[in-house]
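Dear colleague,

My notes on it come after.

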Amino acid sequence: MDGIAPARQDEPAPPPIPAGNGAGPLSLVGADMAGIGEAVRALGEPAFRAKQLRHWIYHRGARSFEEMTSISRAARAKLAERYTLDRPVPAEAQVSADGTRKWLLRFPDAAEAEMVFIPEEDRGTLCISSQVGCTLNCRFCHTGTQPWVRNLGAGEIVGQLMLARDALDDWPSARLDRRITNVVLMGMGEPLYNYDNVARAVRIMIDGDGIAISRRKLTLSTAGVVPVMRQCGEELGVNLAVSLHAVTDAIRDEIVPLNRRWPIAELLDACRTYGGVNNARRITFEYVMLRGVNDSDADARELVRLLKDIPAKINLIPFNPWPGAPYECSSQNRIRAFMTICLDGGLTCTVRTPRGRDIMAACGQLKSASERKRAGARV
Ligand code: SAH
């Protein structure tokens, strides 16, 4: 593929994130126990306040210090003078006929990212973003056509979940009928190119005394930043989804340019050694179905061969077209035939059902729709 330079990990340098967390310089949303402890100390309050604050912020979802009734009035006043509990601001919110919800988030510097909630019978999944824009330029992904903007801070990442829980009336964490049971870092951006902020946000999300999302219900999706995959497996132990999308380096170099840096064999090695992988905790391999590009019977057979010694499940994603996209989605029959070969080969294989089509809730579409609308308004 000409014209597309391989993605480089050190490019471009992200601008500094506001102190603490990023959901606004003074917001405690995104602060971990160490950060909350510092805030408490700075106010001259006793150390036990940190646990009280964690409980109010991340377990009960408090949006003001005023409602923290187990904390003295004087301490609440001091906290409110110095800090906020601001979350990202929803610039737009939509609900699909099938119950899918979508938010466009606008950050104080006008950067925008999207977030989607997908309710199913036995679970509710929130898909959140880790960056505004993306440096990977996968050819079939609409985000890759948008300009890179910046990393999201930990507060902006965890703040997405908190905002969704506000909107869905999903506090406190202890309730048995929680609506958001699963979180996937599958929105905009490459989470492993923003590892420090993602790791801090993940630790806050899985803290049993706070938001308490089980690490088994938190999935990070990566295009394959091999060295950071190792670190992620060891340090966070969350579920991994890998955007494989092709079975030969020639095709994967073209559609996922990151492959030129870490080709398929290296990527699959990193999957084999990913911390905590066993048959109970399989890696999900995402595979976008592109007509005539990666969807032949031979491709499916090669996929079976490549994954035979990895605890894997395959998620076939029907390509979601966008204006000007250089690909088309494979036919339903082709997807079915591909899936049958995977199943016959002993792999677990599912096809992702498109959700929220009426509100354009799929990959990269929300932000582009809002940009088109604004562009239209200017004319
Ligand atoms: N950077 C991460 C997260 C990306 S988005 C990653 O690469 O995994 C989550 C998934 O949606 C990825 O598998 C991505 O390849 C896929 N995707 C992006 N655009 C798509 C489109 N137009 N149709 C179908 N899947 C798409």
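What follows is a summary of the ligand site and of several charged side chains.

Please keep in mind that this is a predicted model.

**The ligand site**

The shell around the ligand holds 19 residues, of which Gly 189, Ser 221, Ser 243, His 245 and Asn 320 come nearest. By type, the shell is made up of ten nonpolar, seven polar and two charged residues.

Several polar atoms face the ligand. A nitrogen atom of the ligand lies 3.0 Å from a backbone N or O atom of Gly 189. At Thr 222, a polar backbone atom is 3.4 Å from an oxygen atom of the ligand. With Glu 286 the side chain is involved: one of its N or O atoms is 3.2 Å from an oxygen atom of the ligand. The protein buries 95% of the 540 Å² that the ligand exposes when taken alone. Strand 8 (218–222), strand 10 (283–289) and strand 11 (312–318) are the elements that give two or more residues to this shell.

Asp 295 is in the loop between strand 10 and helix 9 (297–306). The side chain of Asp 295 does have a polar contact, at 2.8 Å, with the side chain of Ser 330.

**Salt bridges**

Side chains of opposite charge can pair when their charged atoms come close. How many salt bridges does a search of the whole structure find? The search finds 20.

Glu 66 and Arg 76 form a salt bridge through their side chains, with an N to O distance of 3.4 Å. Glu 66 belongs to the loop between helix 2 (49–59) and helix 3 (73–82), and Arg 76 to helix 3, so the pair ties together parts that are ten residues apart in sequence. Are the two partners buried or exposed? Glu 66 counts as exposed because its relative accessibility is 54%, against the cut-off of over 50%. Arg 76 is buried, at 9% relative accessible area.

Arg 87 and Asp 166 form another side-chain salt bridge, 2.8 Å from N to O. This pair links distant parts of the chain, 79 residues apart: Arg 87 is in the loop between helix 3 and strand 1 (89–95), and Asp 166 is in helix 4 (residues 154–167). Arg 87 is buried, with a relative accessible area of 10%, and Asp 166 is buried as well, with 13%.

Arg 150 and Asp 109 also meet through their side chains in a salt bridge, with 2.6 Å from N to O. Here the pair links distant parts of the chain that are 41 residues apart, with Arg 150 in strand 6 (residues 150–151) and Asp 109 in the loop between strand 2 (101–106) and strand 3 (112–119). Arg 150 is buried at 8% relative accessible area, whereas Asp 109 counts as partly exposed at 46% relative accessibility.

Finally, a network of salt bridges links Glu 45, Arg 49 and Lys 78.

Regards

Definitions and conventions: Residues numbered from 1 in each chain as written. Predicted model: local features only at pLDDT ≥ 70, side-chain atom pairs only at ≥ 80, totals over all residues. Heavy atoms only, no water. Near = heavy atom within 4 Å. Polar contact = N/O pair within 3.5 Å; in protein donor to acceptor, adjacent residues only side chain to side chain. Areas by Shrake-Rupley, 256 points an atom, 1.4 Å probe, with all protein chains shown as cover. Helix = DSSP H or I, 4+ residues; strand = E, 2+ residues; numbered from the N terminus. Nonpolar A, V, L, I, M, F, W, Y, C, P; charged D, E, K, R; others polar. Salt bridge = Lys/Arg side-chain N within 4 Å of Asp/Glu carboxyl O. Buried < 20%, exposed > 50% of the residue type's maximum accessible area, 1.4 Å probe, protein only.
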